[in-house]
Amino acid sequence: MKYWLRLGLLVAFYGLLFAVLTWPLAAHFTSSFLVVPGHDTYVFPWNTWHFRMAVHTGQPVFHTDWLFYPLGSWLILHTYTPIIGLISLLVNNDLLALNIGLLLSYSLSAAGAYLLARRWVHSPLLCLLAGFVFAYSPYKLQRLPEHYNLVLTATVPFYVLAFLNAFRFEEKKFLPAIRSWKAVAGCVALGVVTLLSDYYVLFGLLYFSLAYAAWFWLGLGRIRWREWRTWAWLGGILAVSHVVIRLLRRSGLEDNGGFWWGGDVVAFIMPPPTSRFVYWDWAARLYHNPQVFNTPGSLENTLFMGYALPLLALGLWALRKAHRRPTSAVAQAPEGRPLAWVLLFFVMLTLPALRVHGHDRLQLPTALLHFVPFFNNVRCPTRWIMMVGLLLPILTFSALEAAWQARLPAASRTALSLLLAALVLFEYWPKPYERTSREAVPRVFHEVAKLPGKTMIPVPLGLSSGHREVGKFEREYLFYQTVHEKKVPVGYTARVPPEVFAGLQNDPVLGAVLFRQTKPDTVAPAPPTAPQVQAFLRQYDPAAFVITPAFREQPAHLFLRELLRPYGYREQLVDGYVLLTPPAR
């Protein structure tokens with residue numbers, strides 16, 4: 001079968017599976033999107049809307065003053081997903097672009113993993129399962145309605161294929177030989193696409209390349225594991241790295257929260273709450289246990305790969321150590337031998353400190369990356385389970401074929417493959433997802449869209465980033481802005497400059513509102529003077545102030561009412577929201 005025909009059929013198969021797992025999204029593909037209310041989901045329709053709007057109007061694509069007005073902020077380190085913005089330019093529909101991006105990412109991720117597995121695994125059924133595991137692992141299905149950027153992994157298996165075709169490594173030689181310049185160009189092109197998707201996934205490609213090359217640089221294939229000196233060296237390395245990393249942590253050297261977000265061994269056996277069939281009561285108690293996790297209830301605690309696949313991998317490894325099965329096709333191929341080491345490397349990355357039920361037992365050498373500037377921006381180690389989901393099934397299924405090839409007839413192998421697929425599907429199958437659409441946006445924001453003026457001032461006020469929050473910023477406001485299309489002085493992005501926080505707090509009008517919002521029971525400082533209010537209104541040219549129901553008749557609302565009354569502002573109630581508008585122009 002020709003390559004492109006096979007790829008097309010695989011994409012269609014896995015795309016149909018995406019439709020089944022996310023149903024009824026497919027019935028509302030152009031008008032709704034998956035969401036976790038109150039969480040980060042709303043960043044992504046805003047990203048797509050802003051990218052398309054910036055291109056059409058000639059504004060900077062990677063800078064915005066639609067949030068944090070008037071100072072604005074760069075979007076370079078924000079989870080901006082411009083690849084989906086490019087899709088939106090083609091279809092001119094932000095929500096459709098989001099859904100197309102997700103559909104393509106899941107189906108291409110699975111298809112690429114199938115093709116990568118096919119390099120060593122003969123059974124098409126096991127290759128199909130390998131594609132499913134990578135694309136639809138619990139890690140990715142849990143993030144599907146929330147962290148769209150982290151599921152944009154379509155380039156990963158194709159990059160690994162291109163990397164293996166591009167370079168030939170030799171032990172003790174730093175630079176590899178070039179096998180194919182075409183494949184090198186493919187690596188570069190896939191890296192650029194990944195850069196436009198997500199920087200975690202981009203670092204996944206980088207770490208794969210470095211770990212794979214390190215196998216040859218360090219001569220890891222020549223290590224004699226049966227000699228006591230090997231284990232003495234390994235014990236010494238672990239002991240020294242443990243002491244050094246403990247000293248670095250005690251010294252206060254910045255690790256950017258890498259250890260705080262680090263995984264726990266028990267998370268490998270803990271199903272996530274999005275699992276439909278295996279999220280049992282004990283898992284729920286563990287998931288929300290503050291004695292085990294620094295962030296109880298966080299999806300960053302998910303390391304679950306199911307039970308069937310890891311147990312099968314451990315059993316096959318034990319058989320190999322007992323010389324009860326032949327060497328797998330992966331281990332026999334020169335380009336495949338480093339993959340077991342690369343898998344171990346990514347497992348270690350998920351656990352910078354070997355934490356067991358909330359207690360750190362050993363600082364692993366890979367934790368040194370969390371003290372390296374720039375690299376420590378990748379601060380959620382559990383996200384590397386993504387790469388485990390690519391490599392573990394390939395290594396396991398290749399070993400499985402080596403174990404049963406001479407022992408079982410073809411019919412039995414097919415039956416066992418189907419049984420394994422059924423178990424994995426049972427373990428991974430998600431609960432139904434929530435959806436939302438523009439029709440669900442409160443009516444008050446549709447009314448604001450009709451008003452003249454540059455900005456909309458919401459109450460509560462708030463600024464939020466990945467490191468800091470002032471006031472309260474409701475994530476839904478990002479999606480609402482795509483409807484009312486007014487600039488706002490508030491916002492949420494991954495990185496927010498300190499001067500933006502200072503600007504909000506020191507503004508005579510907004511700072512006064514923020515004080516009364518956050519400290520309603522404290523004696524407030526003097527209100528802004530009339531010249532300060534007039535200067536504020538000239539600069540911001542507000543179309544409206546909108547007070548949410550929870551803050552109605554609270555000190556911030558009452559303060560705004562009195563502050564704006566001399567300027568002819570009118571107040572009306574719209575479905576529980578207070579709408580303060582200037583006099584007609």
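Begin with T436, which is buried at a relative accessible area of 14%. The model is a predicted one, and the tour should be read with that in mind. The strand that holds T436 is β8, residues 434-437. Now display the surroundings of T436: leaving aside residues up to four places away in sequence, T436 touches S31, S32, F33 and V35.

**Helix α1**

Select residues 3-21, which form helix α1. This helix has 19 residues, and the distance from its first C-alpha to its last is 27 Å, close to the 27 Å expected at 1.5 Å a residue. Colour L7, L10, Y14, G15, L17, F18 and L21, the buried residues of α1. Viewed down the axis of α1, these buried residues fall within an arc of 155 degrees, so they line one face of the helix.

**The nonpolar cores**

Next, select Y136, F163, F208, Y212, F346, W384 and F445. These are the residues with the most contacts inside the largest nonpolar core, which has 181 residues. Helix α15 (residues 385-404) gives the most to this core, contributing 14 residues. Centre the view on Y136: not counting residues up to four places away in sequence, Y136 touches Y14, L17, F18, L21, Y106, L141 and Y428. Another core, of five residues, lies apart from the largest one; among its members are I245, F259, A353 and F371.

**Helix α16**

Move to residues 410-428, helix α16. Its 19 residues should span 27 Å at 1.5 Å a residue, and the end C-alpha atoms are 27 Å apart, which agrees. Which residues of α16 are buried? Select R413, S417, L420, A421, V424, E427 and Y428. They cover an arc of only 125 degrees around the axis, which puts them on the same side of α16. The elements covering these buried residues include α5, α6, α12 (308-321) and α15.

Select β10 (residues 462-464) together with β11 (469-471) and β12 (491-492). The three strands make an open sheet in the order β11-β10-β12, with mixed pairing. Strands β11 and β12 stand at the edges with a single partner strand each, so one side of each is left without a neighbour in the sheet. Zoom in on β10 and β11, which run antiparallel and are joined by three bridges. Within this pair, S464 stands opposite E469 of β11.

**Cysteines**

Are C127 and C380 buried or exposed? C127 counts as buried, at 0% relative accessibility, and C380 is buried too, with a relative accessible area of 5%. With a disulfide taken as a pair of cysteine sulfur atoms within 2.5 Å, the count comes to zero disulfides.

**Helix α10**

Finish at W228, which lies in helix α10 (residues 228-250). W228 is exposed, with a relative accessible area of 62%. Draw a C-alpha to C-alpha distance from W228 to F277: the two residues are 49 residues apart in sequence and 46 Å apart in space.

Conventions. Residues numbered from 1 in each chain as written. Predicted model: local features only at pLDDT ≥ 70, side-chain atom pairs only at ≥ 80, totals over all residues. Heavy atoms only, no water. Pairing = 2+ DSSP bridges. Helix = DSSP H or I, 4+ residues; strand = E, 2+ residues; numbered from the N terminus. Expected span 1.5 Å × (residues − 1). Buried < 20%, exposed > 50% of the residue type's maximum accessible area, 1.4 Å probe, protein only. Arc of directions from axis to C-beta. Core = buried A, V, L, I, M, F, W, Y, C linked by side-chain atoms within 4.5 Å. Contact = heavy atoms within 4.5 Å.
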